[in-house]
Amino acid sequence: MADIGKVLYTAQEALLSNLTAINATGSNIANVNTPGYSRVRPLFESVGSKDPQSGREQIGVRISNIERIYDKFLETQMIAQQSALSKFTTREDILSRVEAIFNENTGGGINDAIGDFFNAWGNLSVDPLSKAKRDMVISTGENLSRLFNLRVESLENLQLNADESIANEIATLNSYLKDVARYNELIVSAENAGSTAHAVRDHRGLILNEISQIININYVEKPDGSIYIYMPDGGKTLVEGFNSWELMAQVNPANHSFYDVVFKNDPTQILNDRIGGGRLGAYLEMRDKDIPSYIEKLDDTALAIMDRVNTLHADGFDQDGTGGVEFFSSNPANPAATMSVNITDTRRIAASVSEHADGNNATAITGLKTEINTVLGTTIDGYFNSFIAKIGRDAVDAKQAVIRETTIYNQQVEQREQLSGVSLDEEMMNLIKYQMAYGAAGKMTATVNELIDTLLNLIR
Amino acid sequence: MLTTNMLNIQREYSDLMEKLATQKMINRPSDDPVATNTILDTRTALNAINQYNSNITDAQIALSINTSALSSVKKIISEAVTIAISEAGTGSAETMAISAQRVSAMIDESMTLMNTKNGDSYIFAGSALDTIPYIYNDGPPAAYVYRGNNDQLSVLVGNGNAFAYNITGGEAFGGADVLNALLALRNALETNDADAVNTQIDVLRPLESRVLQAETSAGAKISSLELTRSNHDKLKLELTNMVADVENAQMASLITAFQMKQIAMQASYSMAAKISEMTIMSYI
């Protein structure tokens, strides 16, 4: 037998369920532009029983769950992709600054200065007594030295910037790690108590995103809802449940007093080599590998010039017939940075091969420009020019890597948007659907009300 | 996806704008590392050629100063020979005294010519550029002395091509031979010694041809340098064209590409506008 009260109860269930669904749709619409938001979907479930023998049929409805639409596997991929992307973006940024330092394409760089210097010797060779031409030899030598000094200084500044960025990134990373541990706690306690923690999960996802931009990580989600974060190589733990381990920037006197990355509670173990991705990875790589290799090339070039010019100059004779001294001086530990002209008096320039003032030593020094240098294996200019091309290649590689990684990442974002993102069209259709169901349930309530009135009028 | 596409097009658009503005395909090493290497190497080569040409000019200036001094000295010697022939034949005590004075003036003039400087350098002194090469030594025996040497001065006029450009006093004037021969002629004239005057004719003639030889040699060096320079100029033109080919933008193709990008950008903008118009809101 049907029971009029039960019909009313079913109508009430329908009203409440559809209202909840409208509420969920409202949340989705409200968060249409929220980054990291995963849309929710109300799951309707029929309740009650149908017993054909007794003829009692009472099937109601309820919202069994508000599901967060989310692909765990895709999220993991995106986290890894973020690390790669932000590493190459940072590399590209630093390399474009390196390129700006070596703006040889427009002229006025070291390539031109090397030419000017040897040309000054060439001019002196035909007029070895000229004070003006002797002055030119010294001033072009000083200009060349200064350019080498400046280039190294600019590269070292980039290294310092990278170093400071490392310290800053570690500070940011530490606070993110703490956040994840706290969110873990919130999620576990909320979900243990039977409620949902969708918003907190979204936030934690965003933080995870930020972390992966700083450093490459592995992470797993435990059944209780908390996530554990590890460093990829060697699996050092960064976050474990409600705990996080802080990293620290520690000065390393053996490496130009740059920072090493260590755990605060284990400062002896240096983690630099374990960090291969994210901005930290890029900064470490540029600071310790790429930029030092550029400085080394500058040192090679400067040393080759200084060695050959000094040797010939010391073998020659100056304007007073005295044996020559070394033309350039530098500190062997960092030759390009400390290169300078050793001579201030133009009469000390050893332009001649004899005690007379011939210009033949100047001619020999000019010839160094086209000499195949035994240390470099090519001419000095050739070596330097191919070094500039190397910087260009590195920058191109980084640019292309950014384009490649961005394409992959965008595809993943697209996928994520399709799955978890909010489509206003879909939400509007749902809204209409739930609204109609709500209206129908309301109509049913009114009908039941009329039925009860009819019943009551019978008794009167 | 739409945004990404739009950003891509915008990046390529600004890339083309830079190329159009600078009219260069390569504005930084990463635009084309291989071409950058070529451009820098070529620029190095061009720079060297310019230096060689400037060396050639300097050497040619020195040589032309040499030539004119040599030609004047040659004229003086030939005049001295004429005087000697005339005095040895028909000279009287009076004419010889006058001629002696003329020869004396010619000696001074020759010495000035032989001590010619190019800038600060004595051009006939060999490598002793800062030493005055010809002086008179009171003696005894009184004579002119050459203090220079026979060293060659060389200048780079090509890769590994050191060119010896100087004419030394030894080569051109047999050291102080010319001056001393003129001195002997003057002394013979002063002492009315016709035989001695006659003897100097035979001394001066070979010296005259020696100076002529030096003058010819200087002239040959000048034209040899000129030849080298014209070779350099040809190479320079080729290298300049090569750099231009690699570095300079082809305006026609750039402008076409630029216009195509512009159309693509307009299309992506209007597509974005269309897409944002399409929403269910318009229908409910």
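## The hairpin of β8 and β9 in chain A

In this predicted model, F263(A) stands opposite D266(A) of strand β9(A), at a place where β8(A) and β9(A) form a hairpin with two residues between them. Strand β8 covers residues 258-263 of chain A and strand β9 covers residues 266-270 of chain A, and the two run antiparallel, joined by two bridges.

## The four-stranded sheet of chain A

Chain A also holds an open sheet of four strands, in the order β3-β4-β5-β6, whose pairing is antiparallel. The edges of this sheet are formed by β3 and by β6 (243-244) of chain A, each of which pairs on one side only. Between strand β5 (residues 237-240) of chain A and β6(A) there are two bridges, the strands running antiparallel, and here E240(A) stands opposite N243(A) of β6(A).

Two helices lie across strands of this sheet. Helix α4 (residues 131-192) of chain A lies across β4 (227-230), β5 and β6 of chain A, and runs at about 25° to β5(A). Helix α5(A), for its part, lies across β3 and β4 of chain A and runs at about 0° to β4(A).

Side chains of opposite charge can pair when their charged atoms come close. E221(A) counts as partly exposed, at 23% relative accessibility, whereas R201(A) is buried, with a relative accessible area of 14%.

A further salt bridge is formed by D127(A) with K133(A), whose closest N and O atoms are 3.5 Å apart. In this pair D127(A) is buried, its relative accessible area being 15%, while K133(A) counts as partly exposed at 23% relative accessibility. D345(A) and R348(A) also meet through their side chains in a salt bridge, at 3.2 Å from N to O. Here D345(A) is partly exposed, with a relative accessible area of 33%, and R348(A) is partly exposed as well, with a relative accessible area of 29%. These two residues belong to a network of salt bridges that links D318(A), D320(A), D345(A), R347(A) and R348(A).

## Helix α3 of chain B

Helix α3 (residues 93-114) of chain B has 22 residues, which at 1.5 Å a residue should span 32 Å, and the distance of 31 Å between its end C-alpha atoms agrees with this. The buried residues in α3(B) are M96(B), S99(B), A100(B), V103(B), M106(B), I107(B), S110(B), L113(B) and M114(B). They cover an arc of only 140° around the axis, and therefore lie on the same side of α3(B). An α-helix has 3.6 residues a turn, so residues three or four places apart point the same way.

The face of α3(B) that is turned away from the buried side carries the exposed residues E94(B), I98(B), Q101(B) and T112(B). What covers the buried residues of α3(B) includes, in chain B, the helices α2 (33-90), α4 (169-173), α5 (177-190) and α6 (194-247) together with the strands β3 (134-137) and β4 (143-146).

## Helix α5 of chain B

Buried residues of α5(B) include V178(B), L179(B), A181(B), L182(B), L183(B), L185(B), R186(B), A188(B) and L189(B). The buried residues of this helix, α5(B), pack against α2, α3, β3, β4, α4 and α6 of chain B. After α5(B) comes N192(B), whose phi is positive, near 60°.

## The hairpin of β5 and β6 in chain B

In chain B, strand β5 (residues 154-158) and strand β6 (residues 161-164) run antiparallel and are joined by four bridges, with G158(B) standing opposite N161(B) of β6(B). The hairpin that β5(B) and β6(B) form has two residues between the strands, and within this hairpin G160(B) takes a positive phi near 65°.

Note on methods:
Residues numbered from 1 in each chain as written. Chains lettered and ligands numbered in written order. Predicted model: local features only at pLDDT ≥ 70, side-chain atom pairs only at ≥ 80, totals over all residues. Heavy atoms only, no water. Salt bridge = Lys/Arg side-chain N within 4 Å of Asp/Glu carboxyl O. Buried < 20%, exposed > 50% of the residue type's maximum accessible area, 1.4 Å probe, protein only. Expected span 1.5 Å × (residues − 1). Arc of directions from axis to C-beta. Contact = heavy atoms within 4.5 Å. Pairing = 2+ DSSP bridges. Axes fitted to C-alpha atoms, helices over the stretch in contact; angles between N-to-C directions.
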